[in-house]
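Let's take a look at this model together, beginning with a sheet and ending with an interface.

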Amino acid sequence: MSVLEMNRELSLDEVVEKHPEVPRLIAVKIDVQRRGVHYTDGALSRLDKELHQIRGATLFGSRDAKLTPLPESLILRDGTTVLTDPTPVEQNPYVVDFIDGKLVITDQGTIIEEAEYWPKPDFYGKKTVSGKPMEFVVTARPQRLQLMPSSYCHFWKNDHGCKYCDIVNHAKHQKSELGIPAKLKPAEASEVIKEALKQPGRFSSICLTAGSDTRGVEPFDEEVEYYVELLQVIGENFKTKKFPSQLIATAFNEKQLEKLYRETGLMGYTADIEVLNEHLFNWICPGKAEWIGYQEWKKRLIRAVDIFGPGNINTGIVAGVELAKPHGFSSESDALEATMEEAEDLATKGVSTIFMVWIPRPQSCFHDQKNASLEYYVSLAKGLHGLRKKYSLNIDFDDYRRCGNHPDGDLTRIL
Amino acid sequence: MATEIPQKLIDLINDENTIKVLATVNEKGHPYSVEKPFMRVLEQGYLTYLELLESSKSYKNFTWSLWYDQRVSITVIGNKGENWQIQGRPEKIIVSGPVFEDHYRSVRKQLGDVDLAAVCLIKLELLVNESFSYQFAQQEQRQPIFNHLDRLAK
Ligand code: SF4
(Lines give C-alpha, C1' and ligand atoms only; values in the text may rest on other atoms or scores of the structure.)
Protein backbone atom coordinates (compact mmCIF):
# COMPACT_ATOMS: atom_id res chain seq x y z
CA MET A 1 0.00 0.00 0.00
CA SER A 2 1.38 3.41 -0.94
CA VAL A 3 2.07 5.93 1.80
CA LEU A 4 -0.44 8.17 0.05
CA GLU A 5 -3.08 5.74 1.25
CA MET A 6 -1.83 5.40 4.80
CA ASN A 7 -2.86 7.67 7.60
CA ARG A 8 0.51 8.92 8.75
CA GLU A 9 1.83 11.79 6.68
CA LEU A 10 5.50 11.59 5.78
CA SER A 11 7.79 14.31 7.09
CA LEU A 12 9.67 16.69 4.79
CA ASP A 13 12.87 14.63 5.03
CA GLU A 14 11.00 11.38 4.37
CA VAL A 15 9.25 12.82 1.33
CA VAL A 16 12.52 14.20 -0.04
CA GLU A 17 14.18 10.83 0.43
CA LYS A 18 11.32 8.99 -1.24
CA HIS A 19 11.04 11.39 -4.18
CA PRO A 20 14.60 12.43 -5.05
CA GLU A 21 13.45 13.70 -8.47
CA VAL A 22 11.99 16.72 -6.68
CA PRO A 23 14.77 18.82 -5.16
CA ARG A 24 14.61 19.54 -1.46
CA LEU A 25 14.32 23.28 -2.02
CA ILE A 26 11.16 22.79 -4.06
CA ALA A 27 9.74 20.41 -1.46
CA VAL A 28 10.47 23.09 1.16
CA LYS A 29 8.65 25.66 -0.95
CA ILE A 30 5.65 23.36 -1.27
CA ASP A 31 5.50 22.65 2.42
CA VAL A 32 5.89 26.29 3.40
CA GLN A 33 3.05 27.17 1.02
CA ARG A 34 1.02 24.28 2.37
CA ARG A 35 1.47 25.10 6.05
CA GLY A 36 2.04 28.86 5.98
CA VAL A 37 4.46 30.81 8.16
CA HIS A 38 4.68 32.60 11.46
CA TYR A 39 7.23 35.39 11.82
CA THR A 40 9.00 35.65 15.18
CA ASP A 41 9.84 39.02 16.70
CA GLY A 42 13.47 38.31 15.78
CA ALA A 43 12.52 37.81 12.14
CA LEU A 44 10.38 40.92 12.13
CA SER A 45 13.21 42.96 13.66
CA ARG A 46 15.10 42.30 10.39
CA LEU A 47 12.25 43.60 8.29
CA ASP A 48 13.21 46.96 6.85
CA LYS A 49 10.25 48.72 5.29
CA GLU A 50 12.62 50.69 3.08
CA LEU A 51 14.20 47.53 1.66
CA HIS A 52 11.60 44.80 1.93
CA GLN A 53 8.17 44.35 0.47
CA ILE A 54 5.33 44.49 2.95
CA ARG A 55 2.13 42.70 2.02
CA GLY A 56 -0.18 44.91 0.03
CA ALA A 57 -3.22 44.47 -2.16
CA THR A 58 -4.06 40.86 -2.97
CA LEU A 59 -6.77 39.15 -4.96
CA PHE A 60 -7.38 36.51 -2.33
CA GLY A 61 -7.23 36.72 1.45
CA SER A 62 -4.59 35.24 3.71
CA ARG A 63 -4.80 32.50 6.31
CA ASP A 64 -4.79 34.95 9.17
CA ALA A 65 -7.62 36.96 7.51
CA LYS A 66 -5.74 40.14 8.44
CA LEU A 67 -4.26 43.00 6.49
CA THR A 68 -1.51 43.85 9.00
CA PRO A 69 1.75 45.02 7.44
CA LEU A 70 3.83 41.84 7.64
CA PRO A 71 6.43 40.65 5.08
CA GLU A 72 4.90 39.90 1.70
CA SER A 73 6.74 36.61 1.40
CA LEU A 74 10.05 34.78 1.02
CA ILE A 75 12.65 33.88 -1.59
CA LEU A 76 14.98 30.90 -1.31
CA ARG A 77 18.70 30.71 -2.13
CA ASP A 78 18.12 29.19 -5.57
CA GLY A 79 15.91 32.15 -6.54
CA THR A 80 12.72 30.17 -5.92
CA THR A 81 9.84 32.38 -4.89
CA VAL A 82 7.67 31.14 -2.05
CA LEU A 83 4.18 32.56 -1.99
CA THR A 84 3.01 32.09 1.52
CA ASP A 85 1.23 34.08 4.14
CA PRO A 86 1.11 34.59 7.89
CA THR A 87 -0.76 31.76 9.55
CA PRO A 88 -2.08 31.44 13.10
CA VAL A 89 0.37 29.43 15.25
CA GLU A 90 -2.38 26.95 16.24
CA GLN A 91 -2.32 25.74 12.63
CA ASN A 92 1.32 24.58 12.95
CA PRO A 93 2.97 26.82 10.38
CA TYR A 94 6.71 26.96 9.73
CA VAL A 95 8.41 29.57 11.87
CA VAL A 96 10.55 32.24 10.24
CA ASP A 97 13.24 33.34 12.67
CA PHE A 98 16.53 35.22 12.76
CA ILE A 99 19.32 32.93 13.96
CA ASP A 100 23.10 33.46 13.84
CA GLY A 101 22.78 36.45 11.57
CA LYS A 102 20.50 34.74 9.07
CA LEU A 103 16.80 34.74 8.30
CA VAL A 104 15.78 31.11 8.43
CA ILE A 105 12.73 28.90 8.06
CA THR A 106 12.45 26.59 11.06
CA ASP A 107 10.24 23.71 12.09
CA GLN A 108 9.95 22.69 15.75
CA GLY A 109 13.17 24.60 16.46
CA THR A 110 15.19 22.99 13.66
CA ILE A 111 16.56 25.16 10.86
CA ILE A 112 15.12 23.95 7.56
CA GLU A 113 16.44 26.51 5.10
CA GLU A 114 17.72 30.05 4.71
CA ALA A 115 15.39 32.61 3.19
CA GLU A 116 15.17 36.29 2.39
CA TYR A 117 12.32 38.74 2.32
CA TRP A 118 11.17 39.97 -1.06
CA PRO A 119 12.90 43.17 -2.10
CA LYS A 120 10.73 46.26 -2.14
CA PRO A 121 10.23 47.72 -5.61
CA ASP A 122 11.06 51.40 -6.11
CA PHE A 123 7.48 52.36 -7.00
CA TYR A 124 6.10 51.17 -3.65
CA GLY A 125 5.47 54.14 -1.40
CA LYS A 126 4.91 56.49 -4.35
CA LYS A 127 1.50 57.92 -5.26
CA THR A 128 -0.41 58.16 -8.52
CA VAL A 129 -1.46 61.58 -9.80
CA SER A 130 -4.84 60.96 -8.20
CA GLY A 131 -3.11 60.39 -4.85
CA LYS A 132 -3.47 56.61 -4.57
CA PRO A 133 -0.56 54.57 -3.19
CA MET A 134 0.90 52.88 -6.27
CA GLU A 135 1.08 49.51 -4.50
CA PHE A 136 -2.72 49.56 -4.29
CA VAL A 137 -2.89 49.69 -8.09
CA VAL A 138 -0.11 47.29 -9.13
CA THR A 139 1.67 44.82 -6.87
CA ALA A 140 4.98 43.08 -7.24
CA ARG A 141 6.64 39.74 -6.94
CA PRO A 142 10.43 39.46 -7.10
CA GLN A 143 10.37 39.62 -10.90
CA ARG A 144 6.77 40.20 -11.85
CA LEU A 145 4.26 43.03 -11.93
CA GLN A 146 0.80 41.97 -10.94
CA LEU A 147 -2.45 43.69 -11.78
CA MET A 148 -5.80 42.76 -10.41
CA PRO A 149 -8.11 44.52 -12.84
CA SER A 150 -11.23 43.55 -10.94
CA SER A 151 -11.62 41.97 -7.53
CA TYR A 152 -15.26 41.23 -8.14
CA CYS A 153 -16.36 37.93 -9.60
CA HIS A 154 -19.83 37.79 -11.14
CA PHE A 155 -20.17 34.10 -10.32
CA TRP A 156 -20.79 35.27 -6.77
CA LYS A 157 -24.02 37.01 -7.79
CA ASN A 158 -26.09 33.86 -7.48
CA ASP A 159 -23.76 32.28 -4.95
CA HIS A 160 -21.91 30.32 -7.59
CA GLY A 161 -18.39 31.38 -6.65
CA CYS A 162 -15.78 28.64 -6.42
CA LYS A 163 -15.94 27.00 -3.02
CA TYR A 164 -12.27 27.54 -2.11
CA CYS A 165 -12.38 31.20 -3.20
CA ASP A 166 -12.78 34.28 -1.01
CA ILE A 167 -12.34 36.99 -3.66
CA VAL A 168 -15.44 39.06 -2.99
CA ASN A 169 -15.30 38.84 0.80
CA HIS A 170 -11.63 39.76 0.69
CA ALA A 171 -12.21 42.65 -1.72
CA LYS A 172 -14.81 44.10 0.65
CA HIS A 173 -12.36 43.73 3.54
CA GLN A 174 -9.58 45.46 1.58
CA LYS A 175 -11.87 48.21 0.42
CA SER A 176 -13.20 49.01 3.87
CA GLU A 177 -9.85 48.83 5.68
CA LEU A 178 -7.40 50.11 3.09
CA GLY A 179 -9.58 51.82 0.49
CA ILE A 180 -8.29 49.54 -2.27
CA PRO A 181 -10.66 49.88 -5.25
CA ALA A 182 -12.39 46.77 -6.61
CA LYS A 183 -11.79 47.85 -10.23
CA LEU A 184 -8.68 49.34 -11.80
CA LYS A 185 -8.68 52.38 -14.03
CA PRO A 186 -6.60 51.56 -17.13
CA ALA A 187 -4.84 54.92 -17.23
CA GLU A 188 -3.89 54.63 -13.57
CA ALA A 189 -2.58 51.09 -14.06
CA SER A 190 -0.48 52.29 -16.98
CA GLU A 191 0.85 55.19 -14.93
CA VAL A 192 2.13 52.77 -12.28
CA ILE A 193 3.60 50.38 -14.87
CA LYS A 194 5.48 53.32 -16.37
CA GLU A 195 6.92 54.14 -12.97
CA ALA A 196 7.81 50.49 -12.28
CA LEU A 197 9.74 50.25 -15.56
CA LYS A 198 12.11 52.95 -14.33
CA GLN A 199 13.78 50.30 -12.17
CA PRO A 200 16.17 48.45 -14.50
CA GLY A 201 16.29 44.69 -14.05
CA ARG A 202 13.48 44.49 -11.56
CA PHE A 203 10.62 43.07 -13.62
CA SER A 204 10.43 40.45 -16.31
CA SER A 205 6.69 40.12 -16.89
CA ILE A 206 3.27 41.58 -16.27
CA CYS A 207 0.40 39.44 -15.13
CA LEU A 208 -3.28 40.33 -15.04
CA THR A 209 -5.64 38.25 -12.97
CA ALA A 210 -9.19 39.02 -11.97
CA GLY A 211 -12.64 37.68 -11.23
CA SER A 212 -14.95 36.63 -14.07
CA ASP A 213 -17.43 39.04 -15.60
CA THR A 214 -20.35 37.30 -17.27
CA ARG A 215 -21.81 40.43 -18.86
CA GLY A 216 -21.87 41.23 -22.57
CA VAL A 217 -23.63 40.41 -25.84
CA GLU A 218 -21.91 37.08 -25.62
CA PRO A 219 -21.08 36.05 -22.05
CA PHE A 220 -17.75 37.53 -20.91
CA ASP A 221 -17.57 40.11 -23.74
CA GLU A 222 -17.32 42.88 -21.16
CA GLU A 223 -14.48 41.13 -19.36
CA VAL A 224 -12.59 40.77 -22.65
CA GLU A 225 -13.24 44.39 -23.66
CA TYR A 226 -11.88 45.56 -20.35
CA TYR A 227 -8.69 43.50 -20.67
CA VAL A 228 -8.18 44.70 -24.23
CA GLU A 229 -8.45 48.30 -23.11
CA LEU A 230 -6.15 47.71 -20.17
CA LEU A 231 -3.53 45.81 -22.17
CA GLN A 232 -3.55 48.40 -24.93
CA VAL A 233 -2.96 51.25 -22.50
CA ILE A 234 -0.24 49.27 -20.71
CA GLY A 235 1.25 48.39 -24.08
CA GLU A 236 1.87 52.07 -24.78
CA ASN A 237 4.77 51.78 -22.36
CA PHE A 238 6.62 49.37 -24.67
CA LYS A 239 8.33 49.78 -28.02
CA THR A 240 7.37 46.30 -29.21
CA LYS A 241 3.78 45.25 -29.87
CA LYS A 242 4.10 42.09 -27.80
CA PHE A 243 5.58 42.26 -24.32
CA PRO A 244 6.15 39.50 -21.72
CA SER A 245 2.72 39.17 -20.20
CA GLN A 246 0.14 36.72 -18.96
CA LEU A 247 -3.58 36.97 -18.53
CA ILE A 248 -5.22 34.62 -16.04
CA ALA A 249 -8.91 34.78 -16.84
CA THR A 250 -12.07 32.97 -17.80
CA ALA A 251 -11.98 30.42 -20.63
CA PHE A 252 -13.02 32.67 -23.50
CA ASN A 253 -14.48 31.61 -26.82
CA GLU A 254 -12.45 31.69 -30.02
CA LYS A 255 -13.66 35.11 -31.10
CA GLN A 256 -12.77 36.61 -27.75
CA LEU A 257 -9.36 34.93 -27.67
CA GLU A 258 -8.55 36.12 -31.18
CA LYS A 259 -9.45 39.66 -30.21
CA LEU A 260 -7.20 39.48 -27.17
CA TYR A 261 -4.31 38.11 -29.18
CA ARG A 262 -4.70 40.38 -32.20
CA GLU A 263 -5.43 43.66 -30.48
CA THR A 264 -3.05 43.55 -27.53
CA GLY A 265 0.53 42.76 -26.61
CA LEU A 266 -0.50 39.69 -24.62
CA MET A 267 1.86 36.71 -24.93
CA GLY A 268 0.56 34.07 -22.52
CA TYR A 269 -2.93 33.01 -21.52
CA THR A 270 -4.12 30.93 -18.60
CA ALA A 271 -7.69 29.81 -17.95
CA ASP A 272 -7.75 27.96 -14.65
CA ILE A 273 -9.93 24.86 -14.72
CA GLU A 274 -9.23 24.54 -10.97
CA VAL A 275 -10.02 20.84 -10.60
CA LEU A 276 -9.47 18.12 -13.21
CA ASN A 277 -12.64 16.15 -12.75
CA GLU A 278 -15.99 17.04 -14.28
CA HIS A 279 -18.12 15.93 -11.36
CA LEU A 280 -16.01 17.85 -8.84
CA PHE A 281 -15.76 20.86 -11.15
CA ASN A 282 -19.56 21.06 -11.18
CA TRP A 283 -19.65 20.94 -7.39
CA ILE A 284 -16.64 23.14 -6.55
CA CYS A 285 -16.86 25.69 -9.39
CA PRO A 286 -20.62 26.05 -9.99
CA GLY A 287 -20.25 29.42 -11.74
CA LYS A 288 -17.75 28.06 -14.23
CA ALA A 289 -19.96 25.00 -14.71
CA GLU A 290 -23.08 27.13 -15.22
CA TRP A 291 -21.59 29.56 -17.73
CA ILE A 292 -19.11 27.40 -19.62
CA GLY A 293 -19.00 23.78 -18.45
CA TYR A 294 -16.08 21.43 -17.91
CA GLN A 295 -15.82 19.97 -21.41
CA GLU A 296 -16.21 23.34 -23.08
CA TRP A 297 -13.56 24.79 -20.75
CA LYS A 298 -11.13 22.16 -21.96
CA LYS A 299 -12.07 22.75 -25.60
CA ARG A 300 -11.49 26.49 -25.24
CA LEU A 301 -8.04 25.88 -23.77
CA ILE A 302 -7.16 23.68 -26.72
CA ARG A 303 -8.41 26.28 -29.19
CA ALA A 304 -6.33 28.90 -27.41
CA VAL A 305 -3.17 26.94 -28.31
CA ASP A 306 -3.91 27.51 -32.00
CA ILE A 307 -4.26 31.23 -31.39
CA PHE A 308 -1.44 31.96 -28.95
CA GLY A 309 0.88 29.17 -30.05
CA PRO A 310 2.27 26.15 -28.21
CA GLY A 311 3.95 26.94 -24.92
CA ASN A 312 1.80 30.00 -24.33
CA ILE A 313 -1.30 28.36 -22.87
CA ASN A 314 -1.85 26.61 -19.61
CA THR A 315 -4.45 25.92 -16.98
CA GLY A 316 -4.14 26.02 -13.24
CA ILE A 317 -5.56 23.70 -10.65
CA VAL A 318 -6.07 24.42 -6.97
CA ALA A 319 -4.40 21.22 -5.95
CA GLY A 320 -5.98 19.50 -3.02
CA VAL A 321 -9.57 20.64 -3.54
CA GLU A 322 -10.20 17.36 -5.35
CA LEU A 323 -10.00 15.83 -1.86
CA ALA A 324 -12.49 18.24 -0.28
CA LYS A 325 -15.26 16.70 1.76
CA PRO A 326 -17.86 15.38 1.25
CA HIS A 327 -17.76 14.85 -2.53
CA GLY A 328 -14.03 14.77 -3.21
CA PHE A 329 -11.83 11.72 -3.64
CA SER A 330 -11.43 9.82 -0.43
CA SER A 331 -7.87 8.76 -1.17
CA GLU A 332 -4.92 10.81 -2.33
CA SER A 333 -3.75 8.10 -4.70
CA ASP A 334 -7.12 8.05 -6.50
CA ALA A 335 -7.12 11.85 -6.68
CA LEU A 336 -3.60 11.88 -8.09
CA GLU A 337 -4.34 9.24 -10.68
CA ALA A 338 -7.51 10.98 -11.88
CA THR A 339 -5.81 14.38 -12.02
CA MET A 340 -2.82 13.07 -13.94
CA GLU A 341 -5.07 11.31 -16.45
CA GLU A 342 -6.89 14.52 -17.28
CA ALA A 343 -3.69 16.57 -17.27
CA GLU A 344 -2.21 14.13 -19.77
CA ASP A 345 -5.25 14.44 -22.00
CA LEU A 346 -4.71 18.22 -22.07
CA ALA A 347 -0.95 17.84 -22.52
CA THR A 348 -1.44 15.74 -25.66
CA LYS A 349 -3.31 18.74 -27.08
CA GLY A 350 -0.66 21.31 -26.16
CA VAL A 351 -2.13 22.57 -22.89
CA SER A 352 0.08 22.49 -19.80
CA THR A 353 -1.38 22.05 -16.35
CA ILE A 354 0.24 23.83 -13.41
CA PHE A 355 -0.85 23.73 -9.81
CA MET A 356 -1.27 26.01 -6.85
CA VAL A 357 -1.20 24.60 -3.35
CA TRP A 358 -4.72 24.93 -1.99
CA ILE A 359 -4.99 27.16 1.05
CA PRO A 360 -8.32 26.75 2.86
CA ARG A 361 -8.97 30.47 3.29
CA PRO A 362 -10.98 31.64 6.29
CA GLN A 363 -13.41 33.65 4.18
CA SER A 364 -14.16 30.85 1.71
CA CYS A 365 -16.80 28.08 1.80
CA PHE A 366 -14.04 25.50 2.31
CA HIS A 367 -12.58 27.40 5.28
CA ASP A 368 -12.78 24.43 7.65
CA GLN A 369 -11.20 21.87 5.33
CA LYS A 370 -7.62 20.64 5.17
CA ASN A 371 -5.26 20.66 2.23
CA ALA A 372 -3.42 17.56 1.03
CA SER A 373 -0.23 15.96 2.33
CA LEU A 374 3.22 17.13 1.30
CA GLU A 375 3.76 13.85 -0.48
CA TYR A 376 0.66 14.45 -2.56
CA TYR A 377 1.93 17.81 -3.76
CA VAL A 378 5.43 16.51 -4.39
CA SER A 379 4.02 13.60 -6.42
CA LEU A 380 1.85 16.01 -8.37
CA ALA A 381 4.81 18.31 -9.10
CA LYS A 382 6.77 15.32 -10.32
CA GLY A 383 3.88 14.08 -12.45
CA LEU A 384 3.05 17.40 -14.11
CA HIS A 385 6.71 18.09 -14.76
CA GLY A 386 6.98 14.61 -16.27
CA LEU A 387 4.15 15.44 -18.68
CA ARG A 388 5.92 18.59 -19.81
CA LYS A 389 9.03 16.53 -20.46
CA LYS A 390 7.10 13.82 -22.28
CA TYR A 391 5.17 16.21 -24.53
CA SER A 392 7.90 18.87 -24.86
CA LEU A 393 5.70 21.59 -23.40
CA ASN A 394 7.34 24.68 -22.06
CA ILE A 395 5.76 27.19 -19.71
CA ASP A 396 8.32 29.98 -19.87
CA PHE A 397 5.59 32.59 -19.47
CA ASP A 398 4.55 31.09 -16.14
CA ASP A 399 7.86 29.79 -14.76
CA TYR A 400 9.85 30.36 -11.55
CA ARG A 401 10.77 33.91 -12.57
CA ARG A 402 7.70 35.17 -14.40
CA CYS A 403 5.33 33.69 -11.83
CA GLY A 404 6.83 31.72 -8.96
CA ASN A 405 3.63 30.25 -7.57
CA HIS A 406 3.82 26.77 -9.10
CA PRO A 407 6.20 24.18 -7.65
CA ASP A 408 5.84 21.98 -10.74
CA GLY A 409 6.70 24.97 -12.91
CA ASP A 410 9.86 25.58 -10.86
CA LEU A 411 11.12 22.21 -12.03
CA THR A 412 11.04 23.32 -15.67
CA ARG A 413 14.00 25.60 -14.94
CA ILE A 414 16.31 22.77 -15.86
CA LEU A 415 14.44 21.53 -18.94
CA MET B 1 33.92 26.90 5.28
CA ALA B 2 34.92 28.27 1.93
CA THR B 3 38.53 27.83 0.75
CA GLU B 4 40.71 30.93 0.94
CA ILE B 5 41.86 32.20 -2.45
CA PRO B 6 45.44 33.54 -2.74
CA GLN B 7 45.62 37.18 -3.83
CA LYS B 8 47.48 36.34 -7.07
CA LEU B 9 44.59 34.08 -8.08
CA ILE B 10 42.02 36.70 -7.13
CA ASP B 11 43.87 39.19 -9.34
CA LEU B 12 44.02 36.66 -12.16
CA ILE B 13 40.29 35.88 -11.97
CA ASN B 14 39.36 39.52 -11.74
CA ASP B 15 41.49 40.38 -14.79
CA GLU B 16 39.08 40.67 -17.71
CA ASN B 17 41.72 39.27 -20.10
CA THR B 18 41.80 35.98 -18.22
CA ILE B 19 39.80 33.13 -19.72
CA LYS B 20 37.36 31.49 -17.31
CA VAL B 21 35.55 28.33 -18.27
CA LEU B 22 32.69 26.95 -16.20
CA ALA B 23 32.09 23.19 -16.35
CA THR B 24 28.81 21.77 -15.10
CA VAL B 25 26.91 18.54 -15.46
CA ASN B 26 23.22 18.00 -16.07
CA GLU B 27 20.88 15.59 -14.30
CA LYS B 28 22.13 12.74 -16.49
CA GLY B 29 25.75 13.53 -15.61
CA HIS B 30 26.57 14.91 -19.06
CA PRO B 31 29.33 17.53 -18.86
CA TYR B 32 29.15 20.99 -20.40
CA SER B 33 31.88 23.66 -20.47
CA VAL B 34 31.48 27.26 -21.52
CA GLU B 35 33.59 30.36 -21.20
CA LYS B 36 32.05 32.78 -18.72
CA PRO B 37 33.75 36.14 -18.99
CA PHE B 38 31.73 37.70 -16.18
CA MET B 39 33.33 35.83 -13.34
CA ARG B 40 34.85 37.66 -10.40
CA VAL B 41 35.94 37.20 -6.81
CA LEU B 42 33.92 39.79 -4.96
CA GLU B 43 34.12 38.09 -1.60
CA GLN B 44 36.92 35.93 -0.14
CA GLY B 45 36.17 32.25 -0.74
CA TYR B 46 33.41 32.85 -3.30
CA LEU B 47 33.24 33.25 -7.04
CA THR B 48 30.45 35.25 -8.60
CA TYR B 49 29.50 34.59 -12.18
CA LEU B 50 26.93 36.50 -14.14
CA GLU B 51 24.67 34.34 -16.22
CA LEU B 52 23.43 36.39 -19.12
CA LEU B 53 21.30 33.68 -20.71
CA GLU B 54 18.19 32.30 -19.04
CA SER B 55 18.15 29.56 -21.68
CA SER B 56 21.80 28.50 -21.30
CA LYS B 57 22.69 24.92 -20.48
CA SER B 58 25.20 26.16 -17.93
CA TYR B 59 22.46 27.95 -16.02
CA LYS B 60 20.21 24.91 -16.03
CA ASN B 61 23.07 22.69 -14.92
CA PHE B 62 24.14 25.20 -12.30
CA THR B 63 20.60 25.23 -10.90
CA TRP B 64 20.50 21.45 -10.88
CA SER B 65 23.89 21.37 -9.13
CA LEU B 66 22.64 23.76 -6.46
CA TRP B 67 19.52 21.65 -5.97
CA TYR B 68 21.53 18.48 -5.53
CA ASP B 69 24.64 19.93 -3.86
CA GLN B 70 26.98 18.93 -6.68
CA ARG B 71 30.29 20.54 -7.50
CA VAL B 72 31.01 22.65 -10.55
CA SER B 73 34.49 23.39 -11.85
CA ILE B 74 36.13 26.46 -13.28
CA THR B 75 39.27 26.58 -15.38
CA VAL B 76 41.16 29.85 -15.18
CA ILE B 77 43.74 30.54 -17.91
CA GLY B 78 45.95 33.62 -17.83
CA ASN B 79 48.05 34.93 -20.69
CA LYS B 80 51.35 34.16 -18.96
CA GLY B 81 50.83 30.43 -18.74
CA GLU B 82 48.80 30.55 -15.54
CA ASN B 83 46.28 27.75 -15.37
CA TRP B 84 44.11 27.00 -12.37
CA GLN B 85 41.47 24.44 -11.81
CA ILE B 86 38.89 25.40 -9.21
CA GLN B 87 36.06 23.37 -7.78
CA GLY B 88 33.19 24.67 -5.75
CA ARG B 89 29.53 24.29 -4.95
CA PRO B 90 26.72 26.52 -6.16
CA GLU B 91 25.74 28.52 -3.10
CA LYS B 92 23.15 30.96 -4.31
CA ILE B 93 21.27 32.17 -7.38
CA ILE B 94 20.19 35.78 -7.14
CA VAL B 95 17.41 36.80 -9.53
CA SER B 96 16.05 39.88 -7.85
CA GLY B 97 16.99 42.68 -5.47
CA PRO B 98 19.72 45.31 -5.22
CA VAL B 99 22.69 43.00 -5.94
CA PHE B 100 21.00 41.66 -9.07
CA GLU B 101 20.07 45.14 -10.23
CA ASP B 102 23.62 46.49 -9.72
CA HIS B 103 25.01 43.75 -11.92
CA TYR B 104 22.20 44.16 -14.42
CA ARG B 105 23.06 47.82 -14.86
CA SER B 106 26.80 47.24 -15.03
CA VAL B 107 26.63 44.45 -17.58
CA ARG B 108 24.37 46.52 -19.80
CA LYS B 109 26.68 49.48 -19.47
CA GLN B 110 29.50 47.29 -20.65
CA LEU B 111 27.79 45.28 -23.41
CA GLY B 112 24.82 47.38 -24.50
CA ASP B 113 21.38 45.88 -24.92
CA VAL B 114 21.84 42.50 -23.24
CA ASP B 115 19.93 40.85 -20.42
CA LEU B 116 20.95 39.26 -17.15
CA ALA B 117 19.36 36.03 -15.93
CA ALA B 118 21.11 35.57 -12.61
CA VAL B 119 24.00 36.37 -10.34
CA CYS B 120 25.42 33.00 -9.35
CA LEU B 121 27.55 32.46 -6.29
CA ILE B 122 29.99 29.55 -6.01
CA LYS B 123 31.57 28.57 -2.72
CA LEU B 124 35.12 27.43 -3.44
CA GLU B 125 36.34 24.12 -2.10
CA LEU B 126 39.41 23.17 -4.10
CA LEU B 127 42.11 25.11 -5.95
CA VAL B 128 44.70 23.39 -8.09
CA ASN B 129 47.53 25.12 -9.90
CA GLU B 130 47.40 23.38 -13.26
CA SER B 131 50.03 25.43 -15.05
CA PHE B 132 52.33 23.07 -16.93
CA SER B 133 55.56 24.38 -15.43
CA TYR B 134 54.23 23.94 -11.90
CA GLN B 135 52.71 20.49 -12.46
CA PHE B 136 55.80 19.27 -14.34
CA ALA B 137 58.12 20.36 -11.54
CA GLN B 138 55.84 18.63 -9.02
CA GLN B 139 55.85 15.39 -10.97
CA GLU B 140 59.61 15.42 -11.49
CA GLN B 141 60.07 15.79 -7.77
CA ARG B 142 57.44 13.37 -6.50
CA GLN B 143 57.36 10.68 -9.15
CA PRO B 144 60.82 10.42 -10.73
CA ILE B 145 59.75 7.07 -12.16
CA PHE B 146 57.49 8.87 -14.65
CA ASN B 147 60.34 9.41 -17.06
CA HIS B 148 61.43 8.24 -20.46
CA LEU B 149 64.83 6.73 -20.10
CA ASP B 150 66.39 8.72 -22.92
CA ARG B 151 65.81 11.83 -20.82
CA LEU B 152 68.12 10.36 -18.19
CA ALA B 153 70.66 8.77 -20.53
CA LYS B 154 74.30 9.94 -20.39
S1 SF4 C 1 -13.83 32.20 -11.01
FE2 SF4 C 1 -13.86 31.12 -9.07
S3 SF4 C 1 -11.75 31.33 -8.30
FE4 SF4 C 1 -11.99 32.84 -9.91
S5 SF4 C 1 -12.58 34.67 -8.83
FE6 SF4 C 1 -14.50 33.70 -9.48
S7 SF4 C 1 -15.09 32.45 -7.76
FE8 SF4 C 1 -12.96 33.01 -7.42
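In this predicted model, strands β4 (residues 94-99) and β5 (residues 102-107) of chain A run antiparallel and are joined by five bridges. Within this pair, A:F98 sits opposite A:L103 of β5(A). Strands here are DSSP runs of E with at least two residues, and helices are runs of H or I with at least four, numbered from the N terminus; two strands pair if DSSP finds at least two bridges between them.

The pair belongs to an open, mixed sheet of four strands, ordered β1-β4-β5-β6 in chain A. Because β1 (37-39) and β6 (110-114) of chain A are the edges, each with a single partner strand, one side of each has no neighbour in the sheet.

Now to the interface, where contact means heavy atoms within 4.5 Å.

| Item | Chain A with chain B |
|---|---|
| Residues in contact | 27 residues from chain A, 22 residues from chain B |
| Buried area | about 2000 Å², 52% from carbon and sulfur atoms |
| Salt bridges | four salt bridges |

Buried area is the accessible area (1.4 Å probe) that two parts lose on being put together, summed over both. A salt bridge needs a side-chain nitrogen of Lys or Arg within 4 Å of a carboxyl oxygen of Asp or Glu. The side chains of B:E54 and A:R401 form a salt bridge, at 2.5 Å from N to O.

Residues are numbered from 1 along each chain as its sequence is written, and chains are lettered from A and ligands numbered from 1 in the order in which they are written. Local features need pLDDT of at least 70, side-chain atom pairs count only at pLDDT 80 or more, and totals for chains, interfaces and linings use all residues, while side-chain values use heavy atoms, leaving out hydrogens and water.
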